[in-house]
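Please read the notes below alongside the sequence and the model. They are set out as separate points so that each can be checked on its own.

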Amino acid sequence: MTAFSPTRRGFLAGGAALIIGAHLPMGNKMAAKAATGPVDLNAFVRIGEDNTVTVIVKHIEFGQGPFTGFATLVAEELDADWSQMRAEHAPADTATYQNFAFGIQGTGASTAVRNAFTQMRQAGAAARAMLVDAAAREWGVSADEITVANGVISHTGSGKTAQFGELVAAASESTPPAEPKLKDPAEFNLIGKEEIRRLDSAIKTTGEAQFTLDVYRDGMLTVVVAHSPWINGKVASVDSSAALAVDGVEKVEQIPTGVAVYARNTYSALKGRDALLIDWDLSEAETRSAEEQLEEVATAARDGEGVVADTYGDLNAAFENAAQVIEAEYRLPFLAHAPLEALDGVIENRGDAVEIWMGSQMQSVDQMVTSDIFGIPLENVEINTLLGGGSFGRRAQYDGQFAQELAHVAKAGGEGTYKLVWTRSDDIQGGYYRPQVVHRHRAALDETGRIIGWFNKFATESIMGGSAFEAVIQNGVDPFSIEGSIHKPYDFGAFEARWVRTDSKVPHLWWRSVGHSHNAFANEVFLDEVLQGQGKDPVQGRLELLGDKSPRDRRVLERVAEMANWRGVQGADGKAFGVALHPSYDAHFAYIAEVSEVDGEPRVHKVWVAADVGIAVNPDVVKAQIEGGLGYGLSAALFNEITFAEDGRVEQENFDTYRLLRINEMPEVEIDLAVNTEKPGGIGEAGTPPIAPAVSNAWRILKGEPVRRLPLVRV
């Protein structure tokens, strides 16, 4: 990881404001609340004469909390008062704002706080040192005698005090320290405190927050695109005469992804799209049903050789010497991301430059593809990142899918401003899904019923294959496809995980928790079947397999059993309890779910969660992320599935057919966070994987038959 690297240029003062960061005005209401005074170039912290401290956040805020998290890290080392903290998105600038985990500017893989934990603290500590140096010079005292607390700089001997804003001009003349001193965790005043309020809650509650749909520009046209109902279908011919006759429709243009309708408002654009007569070329389209495609994946899992993702011990000897071998197959469907805010963006085509407003999750990619399509230099593409209404991976397209279409719309439309809007149906039928997966498991047991060998072979499409990031595939292994199947916390004696790569015409994308989402389900459900098949308690059986191999996993499992007052899988009043353990993103989770059957469907009443996420910068945000990830994973476990009809068309269109968990279906969630000084783990995704196996394991107890396929309820 690259350390914070202060430079003189990076600490230029903007006259009335101390700039420790890059800033470009975003034109949104949140930015308008920032410090007054000139703005200048580069990095992470801006302090205004009005004492506001604005943190420039390199990651998109779409509900996961980087605005609050990054501001907490800066405020902690700056010794600012929380009331003076602000946050805004950074501009697209890969060199300054790269995610150290990716090497580009982007948000994903639960890396935000993990990759910037030290960097943001250093930015805050450097700012503090410059303010102290300024005070020392102004007051003629030693910097060692100056203290800072709650946004006030003080010198006890002289009795002098100052607010940050009073010293920013003088601080701009200070040289930033090369290695700013950071606090010991024992000195933290803000990090780890429950009472820190989120910076984005108030504006989202009042409606003041600005999302892309709120952006209006003079002369702007609204655009919708008619896409092929079949994956990979192309436009053969189009008759746009009826569309052009719709009041408000200005023009119709064919672009690489379909037919774009430009109108003076959204209603006219949609009416115009409905009036288009399009013949689709299906020569390269996927026209098979989802079941046919899944059978192909299952065949690959059964017959394919694949590549070894992880192995230890003598697996052949384990199975040759086994007293019993148990095997099973598990199938998982295509999944859509279904963020509440469907994709949208505004672009202004100025001929030799463009400006974009959108919830960009990978600014570097979006900037690059736009530059290529327009044939203009990268620096002529300005991106204003706006708040996003969820993502779960959808906004982080490795090929800049939406940015490409936005650029094509603007290029075909000519100079002007365009708002491209995808409807819910466009998004759910957009065809970028978590791929289908089929797992095959085999366990070797000795005469006492102890597991002595474990083999997991699974088939699925490569997440990174065919993308600009294919270089991460080493020795044939895509780390994003196999994550969660490797480095298991249990000691199986002998172990092998093997991955068979499949191909599909259906475009794929990472989905919340990526490989962990399916690997946790298949592994933890099969383990539960094996343990209970031998008459073992699922908690005790897991603890025996953990041994001393993974103390943090052992502690969360013991803790969750204590929280739930674990007495076994069978509860009273027709309820059952399911357990699951799964570490991911440097975080460790154990779940116990209480489930009953209501009207033939699983009803999850309560989930106990024991989590060790290292230092929880904002415990309240962490708990909210766990609850959100749990609910999202529960939707998928119970209801979610993208299917293709017999003619190959996607059957789901909106939340009536792609059913999300209703608020009255959300279980009570009790969370216990371990308190320690381990490095922060990722939290945006880690709460999702354990819920499907925990609920499935309870459902098996209730129904008396194995759960070998998701979702549990077919809508």
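The points cover charged pairs, aromatic rings, helix packing and backbone details.

1. Basis. This is a predicted model, in which local features need pLDDT of at least 70, side-chain atom pairs count only at pLDDT 80 or more, and totals for chains, interfaces and linings use all residues. Residues are numbered from 1 along each chain as its sequence is written, and side-chain values use heavy atoms, with hydrogens and water left out.

2. Salt bridges, total. A search of the whole structure gives 48 salt bridges, a salt bridge being a side-chain nitrogen of Lys or Arg within 4 Å of a carboxyl oxygen of Asp or Glu. Helices (H or I, at least four residues) and strands (E, at least two) are DSSP runs, numbered from the N terminus.

3. Arg395 and Glu341. These two residues form a salt bridge whose closest N and O atoms are 2.9 Å apart. The pair links distant parts of the chain, 54 residues apart: Arg395 is in the loop between strand S17 (381-385) and helix H12 (401-413), and Glu341 is in the loop between strand S14 (324-332) and strand S15 (344-349). Both Arg395 and Glu341 are buried; buried means under 20% relative accessible area, exposed over 50%, and partly exposed in between (1.4 Å probe, protein chains only).

4. Arg501 and Glu470. In this salt bridge the closest N and O atoms are 3.9 Å apart. Arg501 lies in strand S21 (residues 495-502) and Glu470 in the loop between strand S20 (451-461) and helix H14 (479-482), so the pair ties together parts that are 31 residues apart in sequence. Arg501 is partly exposed, at 39% relative accessible area, and Glu470 is partly exposed as well, at 32%.

5. Glu562 and Arg559. The N to O distance in this salt bridge is 2.4 Å. Both residues lie in helix H17 (residues 551-563), three residues apart, which is about one turn of the helix. Glu562 counts as exposed at 56% relative accessibility, whereas Arg559 is partly exposed at 29%.

6. Aromatic pairs. There are 19 aromatic pairs in the structure. Rings of Phe, Tyr and Trp (its six-membered ring) pair if their centres lie within 6.5 Å; planes under 30 degrees apart count as stacked, over 60 as edge-to-face and the rest as tilted. The ring centres of Phe334 and Tyr433 are 6.2 Å apart and the planes are at 55°, so this pair is tilted. Phe334 is in the loop between S14 and S15, and Tyr433 is in the loop between helix H13 (424-428) and strand S19 (437-445), 99 residues apart. Both Phe334 and Tyr433 are buried. One aromatic cluster is formed by Tyr312, Tyr330, Trp454, Tyr490, Phe492, Phe495, Phe521 and Phe526.

7. Charges over rings. A charge sits over a ring if NZ of Lys or CZ of Arg is within 6 Å of the ring centre and within 35 degrees of the ring normal. The charged end of Lys251 sits over the ring of Tyr262, 5.6 Å from its centre. For Arg434 over the ring of Trp511, the distance from the centre is 5.3 Å.

8. Helix packing. Helix H16 (residues 538-546) packs with H17 at an angle of about 165°, their axes 10 Å apart. Axes are lines fitted to C-alpha atoms, for helices over the stretch in contact, and angles run from 0 to 180 degrees between N-to-C directions. H16 is thus roughly antiparallel to H17; angles under 35 degrees count as roughly parallel, over 145 as roughly antiparallel, 65 to 115 as roughly perpendicular and the rest as oblique. Helix H11 (residues 363-374) and H12 pack at about 30°, with axes 9 Å apart, and are therefore roughly parallel to each other.

9. Backbone. Which peptide bond is cis, with omega near 5°? The bond from Leu710 to Pro711 is, and Pro711 is in the segment after helix H19 (691-703). Ser110, which is not a glycine, has a positive phi near 50°. Ser110 is in the loop between helix H3 (94-97) and helix H4 (112-139) and is buried at 12% relative accessible area. Val514 has a positive phi of about 50° although it is not a glycine; Val514 lies in helix H15 (residues 514-533) and counts as buried at 9% relative accessibility.
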